[in-house]
Amino acid sequence: MNTPLIAISADFFTAFAALPRQRQSRVLDFMEKFRADPNSPGINYEKIRNAYDPNMRSVRIDDTYRGIVVRQERSGVYLLLWVDHHDRAYQWAERKRCKINPTTGSVQVFDVTEVEVEVRREVPAENLLFSGLSDEQLLKLGIPEEKLGETRAIASLDEFHSMKETFPEDAYERLEWLANGFEFQEVFELFAAEVQADAQAIDPEDFSAALSKPSSQRNFTIVDGEAELQAMMGAPLEKWRVFLHPAQREVVQRDFNGPARVTGGAGTGKTVVAMHRAKRLAGQLPKDGRILFTTFTANLAADIKSNLRKICTLEEFRSIEVTHLDAWVAKCLREAGFDCQLVYGDDLDRLWSEAIALSGEPLDYPVSFFQDEWSQVICAQEILSLKDYVSAARVGRGVRLDRRKRISLWKVFEEYRSLLVERRVRDIETAMNECRQVIAQRQGKPLYSSIIVDEGQDLSVSAYRLLRTMAGEEHKNDLFIVGDAHQRIYRHHASLSSCGINIRGRSSYLRINYRTTEEIRRWSFGLLKGLTFDNLDDGTDDGASCISLTHGTEPVVRDFPTADQEFAFVLERIQDLADQGEAIENICLVGRTNSIVQDYVRRLHSEQIRVYEIRRSKVDDRSQKGVRVATMHRVKGLEFKHVMVVAANRRIVPLQVAIEHDDQVAREAAVKAERCLLYVALTRAKETAAVTSYGGMSEFVRDLLS
């Protein structure tokens, strides 16, 4: 007899999570017995009398709860599909079909109705949603033959969206692209790797072979052992731990002969891919091999580390170093004997002001101009002399500088360098360049077998040159970079190729937003209309080929005369969600500044509402109760069911002090970054989003509404 092969569907995880806690423990007991021996007499299979699918069986969990299984004794395959109260479980099973699609070879689960679909007499045939498609085309996209009649009768987008749960996920996804105006050939080519049959004929009875296909693994995971089963059932709602879209899985599993780049819009799973990539590479490391997983901000690095701990084995996790890049640089310099500290913000501003004064030059530029010139020209090109600076290119810098002005500026930079040494401090760009020099002097093997970079759009030229040096000479799977220029909320801008990172032929683009509803995604993306974005290299990314497969309400936008009235609205919205049974830790209030955040913390406390403030270097621990409150910068990389951007007032969004530049190019870049910041904040929302203000709405939102 074949060794049993047990697979669990994504729907089973969803159903399990909805059960009362005491029932969940009984399901876990059953599943362990089922994993050990699915043919045990105690499993108690029962045929479902009215089921459309003859392979559908129920299994006894306890006196009142049943699991639904498809059993294929010939091949020894058992598929756990659903679990629920006895009557509801039978009702679910009666209308379902589980089969191998004869075109794609993937395992599909879908609703079947034996009632013939009525002709839509009130809607002309040519106005039906999929009227322009033939049966042959629908079948080529993996639509089950049993669903052709229903598909052809769909009259509107709303009707189609209401039927989502009745379609196989892969088939629904392809229909969604068609419903949004994409041509058949575009969709077919987009999913060519999934929808084209293998060279060998598909066996519609071989579930074992079908489950090996990436298109099946988006909805089924095979259970290999007791430890894996317990880990999966420990947090069933975090499906990304188990299930990857075929496009994501292909990127995770592929070996690259050098650096690779993955781009895609907010919510397309770039960080998920990066984490699974780290796990996969950690499982095949050479002896003494190490992986670095790095990103720009401390709190995002902490969140990634927490999630990696959940999906990796202990051995895998121990081989992955997770840290934000600034912390790595500080450690590198410390270990190399540099007695210095990194300085930021006001401390750095004061250092520049002192350098300007010491130079004695009559230069009428703000401190921000000197800082940008230093990071974007001096450090980016590693300029060490006046001669090199006088001839240096200043692409992207708006203020024109003749030779005389450059000579004057250089005196400021010399004073600044002297102060760095004298005070034993460094700005991060200077520190990164010094790290490169330290590593280059060692002339040893690469520091890491592989380096994975998340939120790559926020790294500077100096950062990427450092990463290239850390990775050593170009080699297999050396650098894996994920990012999205639409989410660039800091002033850094680097082209990978100009930093010595060649990604030609090793780029992937993720198109499906798994987090945000299409209504929120489309509305938020409208904030960026008319702006141009790069693809982290020398190309452009218009973001036009991303869609969401979930739907909901449009974002709510309200402006109030006073801050008290705005808060009353926000408070009412929180209470309404709580009354609907929503856990308050799934609600996040986002403000542009720390002062706005602190004001809302005080107001919520005054109403006896528990608050959890998300701060730098702090993981969003969902076991801690409380409405989440954070700045726009702090929510990057996180997600919540419900997001409210508060105090989106004029002069606050965009923040006036952030966009005040004499340099027109710098000002335009700052305004663009502020738009991206609002876009990032809103796209943290999974189900609902709201934007509120008082005393006048942000021009960004006002322009979008007009």
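I take helices (H or I, at least four residues) and strands (E, at least two) as DSSP runs, numbered from the N terminus. The model is predicted, so local features need pLDDT of at least 70 and side-chain atom pairs count only at pLDDT 80 or more, while totals for chains, interfaces and linings use all residues. Residues are numbered from 1 along each chain as its sequence is written, and side-chain values use heavy atoms, without hydrogens and water.

**Entry: helix H23**

I started at the end of H23. Gly472 follows this helix and has a positive phi, near 80 degrees. Next I checked burial (buried is under 20% relative accessible area, exposed over 50%, partly exposed in between; 1.4 Å probe, protein chains only). H23 spans residues 461-471, and nine of its 11 residues are buried. Among them are Val461, Tyr464, Leu467 and Met470. Arg468 is also on the buried list. Which elements cover these residues? I found strands E10 (291-295), E14 (450-453) and E15 (479-483) among the covering elements. Helices H17 (325-335), H19 (367-379) and H22 (428-442) are also included.

**Entry: nonpolar cores**

I looked for nonpolar cores, meaning sets of buried Ala, Val, Leu, Ile, Met, Phe, Trp, Tyr and Cys residues joined through side-chain atoms within 4.5 Å. The largest has 50 residues. Ile8, Met31, Phe34, Leu79 and Leu81 have the most contacts inside it. Strand E5 (residues 77-85) gives the most to this core, with seven residues. Another core, of 38 residues, lies apart from it and includes Ile520, Phe533, Tyr612 and Leu682.

I then listed contacts (heavy atoms within 4.5 Å). Not counting residues up to four places away in sequence, Ile8 touches Phe13, Met31, Leu80 and Asn219, and also Phe220, Thr221, Val223, Leu229, Met232 and Phe243.

**Entry: two arginines**

Arg394 sits in the loop between helix H20 (386-391) and helix H21 (403-423). Is Arg394 buried or exposed? It counts as buried, because its relative accessibility is 11%. I checked its polar contacts (N or O atom pairs within 3.5 Å; within protein, one atom must be able to donate a hydrogen and the other to accept it, and residues adjacent in sequence count only if both atoms are side-chain atoms). The side chains of Arg394 and Glu373 are joined by one of 2.7 Å. The Arg394 side chain also reaches the backbone oxygen of Val399 at 2.8 Å. Beyond its neighbours within four places in sequence, Arg394 contacts residues including Phe369, Val377, Leu401 and Arg406.

Arg57 is in strand E3 (residues 56-60). Arg57 is buried because its relative accessible area is 18%. Its side chain reaches the backbone oxygen of Pro54 at 2.7 Å. Leaving aside neighbours within four places in sequence, I found Arg57 in contact with Tyr45, Glu46, Lys47, Ile48, Gly67, Ile68, Val69 and Arg71. Arg57 and Arg436 are 379 residues apart in sequence and 62 Å apart in space, C-alpha to C-alpha.

**Entry: an exposed aspartate**

Asp662 lies in the loop between helix H27 (656-659) and helix H28 (664-682). Asp662 is exposed, with a relative accessible area of 63%. From Asp662 to Asp542 I noted 120 residues in sequence and 29 Å in space, C-alpha to C-alpha.
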